[in-house]
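Colleague: I have the model open. Can we go through the ligand site and then the fold behind it?

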Amino acid sequence: MTENLNLFTSTQVVIKDALDKLGYDEGMYDLLKEPIRMVEVRIPVRMDDGKVKVFTGFRGQHNDAVGPTKGGVRFHPGVTADEVRALSMWMTLKAGIVDLPYGGGKGGIICDPREMSMGELERLSRGYVRALSQVMGPTKDIPAPDVFTNAQIMAWMMDEYSRIDEFNSPGFITGKPIVLGGSQGRDRATAEGVTIIINEAAKKRGIDMKGARVVIQGFGNAGSFLSKFLHDAGAKVIGISDAYGALHDPDGLDIDYLLDRRDSFGTVTTLFDNTITNAELLELDCDILVPAAIENQITEKNANNIKATIVVEAANGPTTSEATKILTDRGILLVPDVLASAGGVTVSYFEWVQNNMGYYWTEEEVREKMTTKMVDAFENVYNVASTRNIDMRLAAYMIGIRKTAEASRFRGWA
Ligand SMILES: NC(=O)C1=CN([C@@H]2O[C@H](COP(=O)(O)OP(=O)(O)OC[C@H]3O[C@@H](n4cnc5c(N)ncnc54)[C@H](O)[C@@H]3O)[C@@H](O)[C@H]2O)C=CC1
Ligand SMILES: O=C(O)CCC(=O)C(=O)O
């Protein structure tokens, strides 16, 4: 049988498993097996050459029984409706795992921002908000950055929504520049959360982070900050990559130099001749492997060749179900995306709270609150996995879905 690489249908299988284990009936699965709202929009954009190009965008809102839906928007040529569906479901799980008053949402536009000018990107970002403003908002659905989107794009989107709303609405979106109501620490929050999770996982496996050999796939927001935090903590980052290739040095890469040379899309390997492939990178001999780029990177084809002791998913969906089983059977500690990368949405929640009350916390306050949530979440998931003798992904899904299932039941939706 060929491996299922469809993120949406493979997520449904784990959701079903989690709901069964929690004792919910078929009706609950029927409610939670796909987004409660999935919108596809067409966005006409005047390009710099004077011609109009029409882009396709999506927004998936998985379930808003707990509170407004929340999740990033990605700009990527590979965006599909099913990917957005799955990503919105994972956001519900993340919110449940770190106990935020949200359901999951996610959006995307099929485009390649690396080939667009700033003006084109601004018009596209504003067009996306105009197309979806009726179903989004600070108490409905709150976007944030994801692959190939950043604080500038959040700023344009916030400005467009504020014009439509006729109010300054900083709570419409998170991941904004600090001067527009962004939170201290949001830019590095995903990586900080992953660092906390790596430290907890390393303790469980008796790995000393000083000198631990780390490989990171992806050198964007998540991967680049992560490489810096681990490097500064004394780990040896021996491999990194971007969409074009990978760099390897068994003695440790010069992370500060690479950070200095990377562009705003997380590209750096194009400056070097002696690169290896992303496929080779994943199979390097190391203690900790962190996929921090895109989906379906560890599959049944390469799972048996992974040499890491711990795999921590900073990216969403980098490991297939089949590969999850192979890695778990091989005794590799696999920390799933919905737990490992929840630091981003946690600080996004703090940003939204600060916007709502109009009072802003210091970076230290933000970090302290986030650390508590991430450490507690790791312990919860680890304990459920150990006591039930199940993998960390299924344990995370069980914890993540429970609040939304309960809220849906109380509301009479299932
Ligand atoms: N930015 C955030 O706050 C959060 C991001 N994530 C997830 O982390 C992952 C990375 O996101 P960001 O760092 O924000 O994105 P980014 O756009 O800042 O960086 C993406 C990185 O992945 C690389 N990449 C793109 N396509 C690739 C390919 N085909 N093969 C190998 N590398 C490729 C890019 O070159 C770049 O280095 C995604 O899965 C995202 O959903 C998860 C939680 C929050
Ligand atoms: O910060 C947020 O609200 C969402 C982050 C996100 O899209 C993710 O965790 O995948």
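Colleague: How many residues surround ligand 1, and which are the closest?

Modeller: Keep in mind that this is a predicted model. The shell around ligand 1 holds 24 residues. The closest are D146, F148, T190, N221 and N316.

Colleague: Which side chain has an N or O atom 2.7 Å from an oxygen atom of ligand 1?

Modeller: F148 also has a polar atom 2.7 Å from a ligand 1 oxygen, but that atom belongs to the backbone. R186 does use its side chain, at 2.9 Å from an oxygen of ligand 1. The side chain at 2.7 Å is that of D146.

Colleague: How much of ligand 1 does the protein bury?

Modeller: Start from ligand 1 taken alone, which exposes 830 Å². Of that area, the protein buries 91%.

Colleague: What classes of residue make up the shell around ligand 1?

Modeller: Two helices, helix 6 and helix 7, each supply at least two of its residues. By class, the shell has 5 charged, 8 polar and 11 nonpolar residues.

Colleague: Which strands are at the edges of the 6-stranded sheet?

Modeller: The sheet is open, with mixed pairing and the order 9-8-7-10-11-12. An edge strand pairs on one side only. That gives strand 9 (245–248) and strand 12 (333–335).

Colleague: Which strands does helix 7 lie across?

Modeller: Helix 7 covers residues 221–232 and runs at about 170° to strand 7. Strand 7 and strand 10 run parallel, joined by 4 bridges. Helix 7 lies across strand 7, strand 8 and strand 10.

How values were computed
Residues numbered from 1 in each chain as written. Chains lettered and ligands numbered in written order. Predicted model: local features only at pLDDT ≥ 70, side-chain atom pairs only at ≥ 80, totals over all residues. Heavy atoms only, no water. Pairing = 2+ DSSP bridges. Contact = heavy atoms within 4.5 Å. Axes fitted to C-alpha atoms, helices over the stretch in contact; angles between N-to-C directions. Near = heavy atom within 4 Å. Polar contact = N/O pair within 3.5 Å; in protein donor to acceptor, adjacent residues only side chain to side chain. Areas by Shrake-Rupley, 256 points an atom, 1.4 Å probe, with all protein chains shown as cover. Nonpolar A, V, L, I, M, F, W, Y, C, P; charged D, E, K, R; others polar.
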